[in-house]
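Dear colleague,

I am passing on the structure below for you to look over. My notes on what was found in it follow.

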Amino acid sequence: MVRWINDPEHPLTLEELRVVEEINCHINDDENEVKIEFTPTIPHCSMATLIGLSLKVKLLRSLPERFKVDVFISPGTHISEEAVNKQLADKERVAAALENSHLLEVVNQCLTIKS
């Protein structure tokens, strides 16, 4: 589901940039949990929150509502790892971000499959 998400700055997908790898995607159908760990391309990537938000939105839109979706940065791969993970785990902050029309437009561009 997430392999075709576009990077917000590069003309490549998150999979092509190795930001998302299958080994770091965990699905527990019995527990209704999906956990995605992603690795920003550089430790000070300014788009880390947007990438995480795009991953989270894609999963929330695609999976049945019964699933709890956790998206977080791989430990030790970003200078603001704790702050970004805190934002992505906060339902109110995610909802508020998606109320911003400009931010939602950028997320939707990341989720549009390019031909």
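At what angle do helix α1 and helix α2 pack, and how far apart are their axes? Before the answer, please note that this is a predicted model, in which local features need pLDDT of at least 70 and side-chain atom pairs count only at pLDDT 80 or more, while totals for chains, interfaces and linings use all residues. Residues are numbered from 1 along each chain as its sequence is written, and side-chain values use heavy atoms, with hydrogens and water left out.

Helix α1 (residues 48–62) and helix α2 (residues 81–89), which are DSSP runs of H or I with at least four residues, pack at about 30 degrees with their axes 10 Å apart. The angle is taken between N-to-C directions, from 0 to 180 degrees, with axes fitted to C-alpha atoms over the stretch in contact. That makes the two helices roughly parallel, a term for angles under 35 degrees. In their contact (heavy atoms within 4.5 Å), A48, T49, G52, L53 and K56 of α1 meet V84, Q87, L88 and A89 of α2.

Leaving aside neighbours within four places in sequence, F38 is in contact with residues including A48, L55, V71 and L88.

Best regards

Methods:
Parallel < 35°, antiparallel > 145°, perpendicular 65-115°, else oblique.
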